[in-house]
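Colleague: I would like to go through the labels used for this model. Please set each value against its cut-off.

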Protein chains: 2
Amino acid sequence: ASFSSSSSSKLLFRQLFEKDSSTYTYLLADASHPEKPALLIDPVDRTVDRDLSLIEQLGLKLVYAMNTHVHADHVTGTGLIKSKVPYVKSVISKASGASADFYVEPGDKIHFGDLFLEVRATPGHTLGCVTYVTGDAPDQPQPRMAFTGDTLLIRGCGRTDFQIFTLPKSTLIYPAHDYKGFTVSSVGEELQYNPRLTKDEETFKNIMANLNLPYPKMIDEAVPSNMVCGIQSKAS
Amino acid sequence: ASFSSSSSSKLLFRQLFEKDSSTYTYLLADASHPEKPALLIDPVDRTVDRDLSLIEQLGLKLVYAMNTHVHADHVTGTGLIKSKVPYVKSVISKASGASADFYVEPGDKIHFGDLFLEVRATPGHTLGCVTYVTGDAPDQPQPRMAFTGDTLLIRGCGRTDFQIFTLPKSTLIYPAHDYKGFTVSSVGEELQYNPRLTKDEETFKNIMANLNLPYPKMIDEAVPSNMVCGIQSKAS
Ligand SMILES: [Fe+2]
Ligand SMILES: [Fe+2]
């Protein structure tokens with residue numbers, strides 16, 4: 001069966017879109033916990049006010065502002081968020097080489113209330129790319145949800161990492177970007193229909209070698225900012 | 001509590017976005033039924049191929065292509081869908097005055113497999129605007145989901161109809177458009193934070209009278225096409 005949303009009595013989940021860079025930001029919180037601890041995955045600088053006001057309206061306490069990788073196509077919102085809500089901690093993978101309050105490594109768990117995310121290494125797009133996956137335990141959301149960053153785009157290009165496909169087929173895939181209007185997919189769907197995965201290895205390598213990806217629009221501005229996402233607020 | 005997704009063992013649900021008109025199209029299907037009957041709410045002409053290919057990949061059988069109202073800002077996809085999948089029936093409200101295969105009236109139920117939608121009158125934006133709400137029965141998705149068309153925009157303007165607010169507070173609101181990157185809200189949230197609803201009646205009337213809404217971009221092309229959504233295919 002194909003599922004399209006995850007069911008949990010605890011998880012509050014919102015998918016948010018930034019139109020100029022076609023970026024998805026994800027808000028997750030444990031709504032059953034008295035403090036309603038929340039985290040943001042891949043916030044964008046220009047939508048920080050929208051995100052913080054939603055968090056306030058929902059009565060959540062933002063604890064982590066996380067990135068899946070050093071983005072090249074938008075400026076992360078983590079610095080701005082920290083300047084507005086000083087107790088928020090920024091999080092990124094150690095392998096990214098970027099600055100942040102907390103560095104995570106593959107296998108680490110990030111707890112918020114009774115819920116948690118697992119960190120998986122999915123290098124390819126950038127060296128330090130990680131995928132955050134909801135926990136594999138009975139009281140965690142079912143099916144699991146994977147926040148894949150730029151590792152995998154729905155039915156699309158991306159620089160697909162095969163590690164993702166060791167997750168259960170029902171796992172929902174939430175990418176950092178979508179340019180066609182898709183909001184979610186699953187491991188099973190992508191295994192079957194992602195053009196990159198339905199070709200043999202030789203064909204796949206050729207596609208990868210001939211991508212001719214356009215130079216990302218905002219790379220010159222975005223990468224230097226995003227390397228210091230955790231300390232951007234100190235400089236301002 | 002604030003929920004953010006509906007839980008059902010039967011419902012397959014996908015939210016799809018068309019960027020130029022910022023329109024959301026919704027795909028719903030009964031995935032537990034042998035035929036996997038599906039419907040689309042507010043399809044857009046330029047994303048019909050994406051939608052039909054997703055439906056095919058998911059193994060669904062599209063039975064209804066529905067509109068919440070005669071749109072002024074994009075051309076409905078129903079005509080094009082019917083020309084590509086002839087057994088699909090177009091659906092719109094009787095009060096809209098538009099052509100379609102099936103006309104619905106407030107109180108009607110639209111069945112797909114073991115699931116159903118209820119039709120509610122929510123005039124205001126246009127005379128024939130309806131909201132489609134998932135059924136109020138134990139085996140239907142919980143919380144309920146309301147597809148409000150242009151009647152209500154999240155935290156925003158729209159030409160809000162108060163009928164929607166007689167639904168349970170947990171009811172999820174899925175609008176036809178969003179210009180700020182929100183994907184979903186709830187009746188409870190909008191009651192508390194929609195600027196139109198937190199003002200007194202006098203202030204509200206003044207806001208409504210002074211909207212100065214821009215003349216919709218595509219109105220001259222969209223409205224005549226959308227009035228004949230059901231027979232567009234016959235003409236082509
Ligand atoms: Fe990115
Ligand atoms: Fe519209």
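Colleague: Why is Asp101(A) called partly exposed?

Modeller: Its relative accessibility is 29%. Buried means under 20% relative accessible area, exposed means over 50%, and partly exposed lies in between, with a 1.4 Å probe and protein chains only. So Asp101(A), at 29%, counts as partly exposed.

Colleague: What kind of model is this, and how are things numbered?

Modeller: It is a predicted model: local features need pLDDT of at least 70, side-chain atom pairs count only at pLDDT 80 or more, and totals for chains, interfaces and linings use all residues. Residues are numbered from 1 along each chain as its sequence is written, chains are lettered from A and ligands numbered from 1 in the order in which they are written, and side-chain values use heavy atoms, with hydrogens and water left out.

Colleague: What makes Asp101(A) and Lys82(A) a salt bridge?

Modeller: The N to O distance is 2.6 Å. A salt bridge is a side-chain nitrogen of Lys or Arg within 4 Å of a carboxyl oxygen of Asp or Glu. The pair meets that. Asp101(A) sits in the loop between strand E5 (89–93) and strand E6 (102–104) of chain A. Lys82(A) is in helix H2 (residues 78–84) of chain A, and the two are 19 residues apart. Helices (H or I, at least four residues) and strands (E, at least two) are DSSP runs, numbered from the N terminus.

Colleague: Is Lys82(A) buried or exposed?

Modeller: Buried, because its relative accessibility is 12%.

Colleague: How do you know that Asp136(A) and Arg144(A) form a salt bridge?

Modeller: Their N to O distance is 3.9 Å, within the 4 Å cut-off. Asp136(A) has a relative accessible area of 55% and is exposed. Arg144(A) has 6% and is buried.

Colleague: What makes Arg155(B) and Glu189(B) a link between parts of the chain?

Modeller: The closest N and O atoms are 2.6 Å apart, in a salt bridge. Arg155(B) lies in the loop between strand E10 (145–149) and strand E11 (172–175) of chain B, and Glu189(B) in helix H3 (residues 187–193) of chain B, so the pair ties together parts 34 residues apart in sequence. Arg155(B) is buried at 10%. Glu189(B) is buried at 4%.

Colleague: Why is strand E1 (residues 11–18) of chain A called largely enclosed?

Modeller: Eight of its eight residues are buried, so the rest of the structure largely encloses E1(A). Leu11(A), Phe13(A), Gln15(A) and Phe17(A) point one way, while Leu12(A), Arg14(A), Leu16(A) and Glu18(A) point the other way.

Colleague: What makes E1(A) and strand E2 (residues 23–30) of chain A a pair?

Modeller: Two strands pair if DSSP finds at least two bridges between them. Here eight bridges join them, and they run antiparallel. Leu16(A) has Thr25(A) as its bridge partner in E2(A). The two strands form a hairpin with four residues between them. In the turn, Ser22(A) has a positive phi of about 50 degrees.

Colleague: How do you know that strand E3 (residues 37–41) and strand E4 (residues 61–66) of chain B pair?

Modeller: They share five bridges, in the parallel sense. Ile41(B) stands opposite Met66(B) in E4(B).
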